[in-house]
Amino acid sequence: MRAALRAEYSELLAECSVSGWSGERSLAIRRDAAAAAAKLIEHLPADVPDPSLGALPEGLMTFEWYRSPRRVVMVVPNANNGVDYAIVRGREIIHGSAPFFGSLPATVLSNIRRLAR
């Protein structure tokens with residue numbers, strides 16, 4: 001399950017495995033960030049569509065569910081068993097941090113599911 005997402009994960013790790021992948025100051029994806037991202041992939045509910053994966057210059061991985069510039073959910077897993085998230089709904093922006101022990105916060109999941117409709 002999630003074979004396409006796992007393939008995208010592997011490609012991103014390969015592309016961003018050395019410092020400078022996106023300019024002089026970008027760090028390679030950190031091992032702990034890669035492990036946290038893999039854990040999130042394994043725990044995504046079956047009814048949630050695959051996100052697009054990305055990398056941040058700080059060495060972190062991003063998960064993005066995008067519908068339009070005004071309908072986006074982004075999640076950044078971290079090595080401290082947590083996730084940071086940002087949700088754009090029209091003019092409203094919701095952001096925060098939450099623990100991650102196998103499931104995303106309810107507000108994040110409900111917004112991802114809304115985007116998929």
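What covers the buried residues of α3? The cover includes β2, β3 and β4. Before the details, a word on the ground rules. This is a predicted model, in which local features need pLDDT of at least 70 and side-chain atom pairs count only at pLDDT 80 or more, while totals for chains, interfaces and linings use all residues. Residues are numbered from 1 along each chain as its sequence is written, and side-chain values use heavy atoms, with hydrogens and water left out. Helices (H or I, at least four residues) and strands (E, at least two) are DSSP runs, numbered from the N terminus.

Helix α3 covers residues 106–116, and its buried residues (buried is under 20% relative accessible area, exposed is over 50%, and partly exposed is in between, with a 1.4 Å probe and protein chains only) are Val108, Leu109, Asn111, Ile112 and Leu115. Around the axis they take up an arc of only 165 degrees, which puts them on the same side of α3; the arc is that of the directions from the helix axis to the C-beta atoms. As background, an α-helix has 3.6 residues a turn, so residues three or four places apart point the same way.

α1 (residues 3–15) and α2 (residues 31–43) have axes that come within 11 Å and cross at roughly 170 degrees. Axes here are lines fitted to C-alpha atoms, for helices over the stretch in contact, and angles run from 0 to 180 degrees between N-to-C directions. The two helices are therefore roughly antiparallel to each other, given that angles under 35 degrees count as roughly parallel, over 145 as roughly antiparallel, 65 to 115 as roughly perpendicular and the rest as oblique. On the α1 side the contact (heavy atoms within 4.5 Å) is made by Leu5, Arg6, Tyr9 and Leu13, and on the α2 side by Ala34, Ala35, Ala37, Ala38, Ile41 and Glu42. Sorted by class, that comes to 8 nonpolar, no polar and 2 charged residues; Ala, Val, Leu, Ile, Met, Phe, Trp, Tyr, Cys and Pro count as nonpolar, Asp, Glu, Lys and Arg as charged, and the others, Gly among them, as polar.

Helix α1 itself has 13 residues and reaches 18 Å from its first C-alpha to its last, close to the 18 Å expected at 1.5 Å a residue; the expected span is 1.5 Å times one less than the number of residues. Leu5, Tyr9 and Leu12 are buried in α1, and down its axis these buried residues fall within an arc of 70 degrees, so they line one face of the helix. The face turned away from that buried side carries the exposed residues Ala3, Ala4, Ala14 and Glu15. Among the elements covering the buried residues of α1 are α2, β1 (52–55) and β2 (61–68).

For α2, the 13 residues should span 18 Å at 1.5 Å a residue, and the end C-alpha atoms are 19 Å apart, which agrees. Its buried residues are Ala33, Ala34, Ala36, Ala37, Leu40 and Ile41. Those fall within an arc of 160 degrees seen down the axis of α2, so they line one face of the helix. They pack against α1, β1, β2 and β3 (71–78).

Despite its charged class, arginine 2 counts as buried at 11% relative accessibility. Neighbours within four places in sequence aside, arginine 2 is in contact with Ile41, Leu44, Pro45, Ala46, Val48, Pro49 and Asp50.

Not counting residues up to four places away in sequence, arginine 67 touches Arg114, Leu115, Ala116 and Arg117.

Further along, asparagine 81 lies in the loop between β3 and β4 (82–89). It has a positive phi of about 55 degrees although it is not a glycine, and at 32% relative accessibility it counts as partly exposed. Asparagine 81 is one of the contacts of alanine 98, alongside Gly82, Val83, Tyr85 and Pro105, with neighbours within four places in sequence left aside. Alanine 98 has its place in strand β5 (residues 92–99) and counts as buried at 18% relative accessibility.
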